[in-house]
Amino acid sequence: MFKDLGIYKKGGVITERNPEYCTVRIRIPAGMVSPDQLRGIADIVERYGGDSVQLTVRQTIELPHMPPERLVEISRDLSANGTPLGAEKEEVKNIIACTGNQRCIFGNIDAVALAREIDQRLFGREMPVKLRIAVSGCPNACTSPMLNEIGIIGKIEPMRVAGMCTGCGTCVEYCKEGAIAIKKGISVLDSAKCIECGVCIRSCPYDLLKSSGPYYLITVGGNRGRHPKMGRELVAVRTGKAAADVVEKVVTWVYRKAWSGRLLSDQLDDLQFEAFKAEIRNQVPEEDLFRPGVIADDEVTAGSGT
Ligand code: SF4
Ligand code: SF4
Ligand code: SF4
């Protein structure tokens with residue numbers, strides 16, 4: 001029954017156990033929908049005989065028990081609602097993001113805006129492998145970016161203004177990584193322990209902890225599922241646009257080089273990831289590259305203390 005319906009083969013349409021029905025998945029970057037769109041989705045579900053929706057781990061909404069013979073109409077109505085058909089197969093899937101600095105007190109970057117930018121550029125692109133992208137506003141990593149084929153994490157490197165620390169210890173209390181200690185009356189950072197969350201910067205009552213600004217760490221080749229793997233660090237950049245540019249290059253690289261039938265995480269070495277990493281670093285404009293310990297303000301020195 002489905003062979004004549006080309007739309008059935010698209011990623012947003014999922015086979016159900018009962019072949020009289022299918023599930024329709026929606027494209028919702030960062031999981032953000034307006035009240036009108038939510039009402040529209042509810043109307044569409046009822047129009048086509050559904051009685052529920054399911055919220056997915058990839059921040060999309062699925063419409064269960066849709067009639068396959070009406071997929072063209074369903075897709076048309078979903079597009080008109082601003083919530084078009086999603087992706088599930090070997091393609092760039094729904095881009096997920098946490099609230100980032102739009103709402104979360106820990107957010108270092110605008111994760112939602114970046115997810116939308118990446119969605120506009122790349123959503124649904126056909127790939128040799130499933131390609132999941134997740135953005136988190138800070139190293140708390142609420143969207144598990146390192147368990148996605150491409151992950152982006154907003155970080156910030158702390159630096160202390162030289163010679164002015166009172167040794168009050170507030171930053172020591174706030175650092176959950178045990179990365180700061182008071183030595184000889186001033187705070188000293190152990191950069192090996194620091195995960196660059198930026199919490200200490202906001203904690204100093206004297207505003208003595210600075211940074212050169214947030215940056216975007218991009219990882220490649222993670223996956224969850226039955227054999228989870230952490231992604232490998234590719235490059236760190238200074239702006240959302242530069243991050244989206246790098247993500248686009250990674251997707252093109254995977255499209256050109258990866259083999260189908262294997263997870264990206266299982267073929268990173270065969271794809272010569274380390275060579276690609278060097279190549280990407282050469283392609284990112286110097287002003288967009290994040291370099292640890294490089295600071296804009298001359299009166300601020302690295303928090304490693306003196
Ligand atoms: S990852 Fe960080 S910024 Fe994003 S929701 Fe979690 S704590 Fe907030
Ligand atoms: S940025 Fe580093 S030192 Fe500061 S609170 Fe986070 S882990 Fe601790
Ligand atoms: S850096 Fe700020 S919070 Fe930390 S010990 Fe010095 S004065 Fe206190």
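User: Which residue is the bridge partner of L55 in β4?

Analyst: This is a predicted model. In β4, L55 has I61 as its bridge partner. L55 belongs to β3, which spans 54-55. β3 and β4 pair in the antiparallel sense, over two bridges.

User: What lies between the strands in the hairpin of β3 and β4?

Analyst: Five residues lie between them. Q59, in this hairpin, takes a positive phi near 60 degrees.

User: How do I read the strand order of the open sheet?

Analyst: Start with a general idea. In a regular strand, side chains alternate between the two faces of the sheet. Now the case here. The open sheet has four strands in the order β1-β2-β4-β3, with antiparallel pairing. β1 (13-15) and β3 (54-55) are the edge strands. Each has a single partner strand, so one side of each is left without a neighbour in the sheet.

User: Over how many bridges do β2 and β4 pair?

Analyst: Three, in the antiparallel sense. β2 covers residues 22-25, and β4 covers residues 61-66. Look at two of the partners. R25 has E62 as its bridge partner in β4. C22 has M66 as its bridge partner in β4.

User: Which domains is the protein divided into?

Analyst: Domain 1 runs over 6-80, and domain 2 over 90-306. Their centres, taken over C-alpha atoms, are separated by 33 Å. Ten residues of domain 1 are in contact with twelve residues of domain 2. On the domain 1 side, the touching residues are four nonpolar, four polar and two charged.

User: Is D43 buried or exposed?

Analyst: Count the neighbours. D43 has 12 other C-beta atoms within 10 Å, so D43 is exposed. D43 lies in helix α1, residues 35-47. The C-alpha atoms of D43 and D77 are separated by 9.8 Å. Along the chain, D43 and D77 are 34 residues apart.

User: Which residues have the most contacts inside the largest nonpolar core?

Analyst: The general idea comes first. In soluble globular proteins, nonpolar side chains tend to be buried together. In this model, the largest nonpolar core has 44 residues. Those with the most contacts inside this core are A97, L114, A115, I218, A243 and V247. Several elements each supply at least two residues of this core, among them β5 (96-97), α3 (111-122) and β12 (214-220). The largest share of this core comes from α6, with eight residues.

User: What does A97 touch, not counting residues up to four places away in sequence?

Analyst: A97 touches A30, A111, V112, L114, A115, V135 and T143.

User: Which residues are around ligand 1?

Analyst: Read a shell in two steps: list the residues, then sort them by class. Around ligand 1 are C98, T99, G100, C104, F106, G107, S136, G137, C138, N140, A141 and C142. This shell divides into six nonpolar, six polar and no charged residues.

User: Which residues come nearest to ligand 2?

Analyst: C175, A179, C194, C197 and C200 come nearest, of the 14 residues around ligand 2. The shell has eleven nonpolar, one polar and two charged residues.

User: And which residues come nearest to ligand 3?

Analyst: Of 13 residues around ligand 3, C165, C168, T170, C171 and C204 come nearest. By class, the shell around ligand 3 has seven nonpolar, five polar and one charged residues.

How values were computed: Residues are numbered from 1 along each chain as its sequence is written. Chains are lettered from A and ligands numbered from 1 in the order in which they are written. This is a predicted model: local features need pLDDT of at least 70, side-chain atom pairs count only at pLDDT 80 or more; totals for chains, interfaces and linings use all residues. Domain bounds come from an automatic or database domain assignment. Two residues are in contact if their C-beta atoms, placed from the backbone, lie within 7 Å. Ala, Val, Leu, Ile, Met, Phe, Trp, Tyr, Cys and Pro count as nonpolar, Asp, Glu, Lys and Arg as charged, and the others, Gly among them, as polar. A residue is near a molecule or strand if its C-beta atom, placed from the backbone, lies within 6 Å of it. Two strands pair if DSSP finds at least two bridges between them. A nonpolar core is a set of buried Ala, Val, Leu, Ile, Met, Phe, Trp, Tyr and Cys residues joined through C-beta atoms within 7 Å. A residue is buried if 20 or more other C-beta atoms lie within 10 Å of its own, exposed if 12 or fewer, and partly exposed in between; C-beta atoms are placed from the backbone.
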